[in-house]
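Please find below a short note on the structure shown here. The points are numbered and may be read alongside the sequence.

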Amino acid sequence: MEQIGKIFGEGIRERRTARGFSQEDFADKAQIHRTYASSIERGKVQVSIAVAQRLADALSTPLSKIWLDVERRMNTDRRR
């Protein structure tokens, strides 16, 4: 289960940096603490569906698209 958190966090970080948000600006936009955002991006915490949705909203990305990316990455990792 840790793998999914890490993959989710990596995807969030990639999307955040692609949009040019600092971690602090992103956390403010998602209404979470910056250290929590950091923990999410490093895969150190499991997020609720509500927090996942706030992250997606802050990135202006459908949550379904984020989960599809997670699923794709997990399937790729399993094939290795």
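1. The largest nonpolar core of this predicted model contains 19 residues. Within this core, the residues with the most contacts are Phe8, Ile12, Phe26, Ile32, Ile40, Leu55 and Ile66. At least two core residues are supplied by each of the helices α1 (2-18), α2, α3 (34-41), α4 and α5 (63-79). The largest share, five residues, comes from α4. As general background, nonpolar side chains tend to be buried together in soluble globular proteins.

2. Ile66, one of the core residues with the most contacts, deserves a separate remark. Leaving aside residues up to four places away in sequence, Ile66 touches Phe8, Ile12, Arg15, Ala56, Leu59 and Thr61.

3. The packing of two helices comes next. Two packed helices are described by the angle between their axes and the distance between the axes. Helix α2 spans residues 23-30 and helix α4 spans residues 49-58. The two pack at an angle of about 120°, and their axes are 8 Å apart. The angle makes α2 oblique to α4, because an angle counts as roughly perpendicular from 65 to 115 degrees and as roughly antiparallel over 145. The crossing of α2 and α4 is right-handed.

4. Which residues of α2 and α4 meet? On the α2 side they are Phe26, Lys29 and Ala30, and on the α4 side they are Arg54, Leu55 and Ala58. Sorted by class, this contact has four nonpolar residues, two charged residues and no polar residues.

5. Not counting residues up to four places away in sequence, Asp69 touches Gly11 and Arg15. Arg15 is also touched by Ile66.

6. Leu63 is likewise found in helix α5. Its relative accessible area is 12%, so Leu63 is buried. With residues up to four places away in sequence not counted, Leu63 touches Ala52, Gln53 and Ala56. Leu63 and Gln53 are ten residues apart along the chain, and their C-alpha atoms are separated by 6.0 Å. Ala56 is touched by Ile66 as well.

Conventions
Residues numbered from 1 in each chain as written. Predicted model: local features only at pLDDT ≥ 70, side-chain atom pairs only at ≥ 80, totals over all residues. Heavy atoms only, no water. Axes fitted to C-alpha atoms, helices over the stretch in contact; angles between N-to-C directions. Helix = DSSP H or I, 4+ residues; strand = E, 2+ residues; numbered from the N terminus. Parallel < 35°, antiparallel > 145°, perpendicular 65-115°, else oblique. Left-handed = near helix turned anticlockwise from the far one by under 90°. Contact = heavy atoms within 4.5 Å. Nonpolar A, V, L, I, M, F, W, Y, C, P; charged D, E, K, R; others polar. Core = buried A, V, L, I, M, F, W, Y, C linked by side-chain atoms within 4.5 Å. Buried < 20%, exposed > 50% of the residue type's maximum accessible area, 1.4 Å probe, protein only.
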